[in-house]
Amino acid sequence: MYKIIFLDDEAITLKLLASAIDWRKHRIELCGVASDGEEGIALFRQVEPDIVITDIRMPRMSGIELAGALRQAHKKVKIVLLSAYAEFEYARSAISYDISEYLLKPLDEDKLEAAIVRIVQELDREQVVSSTIESYRLEQAEKQLQQLLVLNHSGGRRNSPLVLPDGLAA
């Protein structure tokens, strides 16, 4: 299951988001809501979600500022911005922070679901790539270990210390 949090200063929008689509169908668990960006950062640190849906205009910290802060520390988090404003400056800021989706209010549930489907597919692809890379690293480490063992035993240096690649302990 992927984890998601919602940030919006309007309680009605938070309720709408929670009920807009069948989150479990998309393997997503709602892990919390916040009413502004500062609360959102604290919630993010606590939950470590895969997806954040945030309003752009909120008190104390805007969704754009939040996206910038999250992007610096957490490159892989998927961020969806909600806005009642179709202004170019907001869209340009969204692009600079590699926002996954930019949706306008009032929220269109079909567009939200389509965005979530795309995001989940992207998260799935990233997991496959990450596990493939990890498998490759383990295979390479195992090959290096086998080569070192063969070299240590064939060179008549049985008493020589065994030197392993980084990340492997003897």
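Which residues point one way from E4 and which the other way, and are they buried or exposed? Lys78, Val80 and Leu82 point one way, Ile79, Leu81 and Ser83 point the other way, and all are buried. Buried means under 20% relative accessible area, exposed over 50%, and partly exposed in between (1.4 Å probe, protein chains only). In a regular strand the side chains alternate between the two faces of the sheet.

This is a predicted model, in which local features need pLDDT of at least 70 and side-chain atom pairs count only at pLDDT 80 or more, while totals for chains, interfaces and linings use all residues. Residues are numbered from 1 along each chain as its sequence is written, and side-chain values use heavy atoms, with hydrogens and water left out.

**Sheet**

Helices (H or I, at least four residues) and strands (E, at least two) are DSSP runs, numbered from the N terminus. Five strands form an open sheet in the order E2-E1-E3-E4-E5, with parallel pairing. E2 and E5 stand at the edges with a single partner strand each, so one side of each has no neighbour in the sheet. From one strand to the next the twist averages 20 degrees; axes are lines fitted to C-alpha atoms, for helices over the stretch in contact, and angles run from 0 to 180 degrees between N-to-C directions. Two strands pair if DSSP finds at least two bridges between them.

| Strands | Bridges | Sense |
|---|---|---|
| E1 and E2 | five bridges | parallel |
| E3 and E4 | five bridges | parallel |
| E4 and E5 | four bridges | parallel |

Lysine 3 has glutamate 29 in E2 as its bridge partner. The partner of threonine 54 in E4 is leucine 81, and valine 80 stands opposite glutamate 101 in E5.

**Crossovers**

E3, helix H3 (residues 63-73) and E4 make a right-handed β-α-β unit, as do E4, helix H4 (residues 88-96) and E5. A crossover is right-handed if, with the strands pointing away from the viewer, the path from the first strand over the helix to the second runs clockwise.

**Helix H1**

Thr13, Leu14, Leu17 and Ala20 are the buried residues of H1. Seen down the helix axis, they fall within an arc of 130 degrees, so they line one face of H1; the arc is that of the directions from the axis to the C-beta atoms. Ala11, Ile12, Lys15 and Ser19, on the other side of H1, are exposed.

**Aromatic pair**

The structure holds one aromatic pair. The ring centres of phenylalanine 6 and tryptophan 23 are 5.4 Å apart and the planes stand at 50 degrees, so the pair is tilted. Rings of Phe, Tyr and Trp (its six-membered ring) pair if their centres lie within 6.5 Å; planes under 30 degrees apart count as stacked, over 60 as edge-to-face and the rest as tilted. Both phenylalanine 6 and tryptophan 23 are buried.
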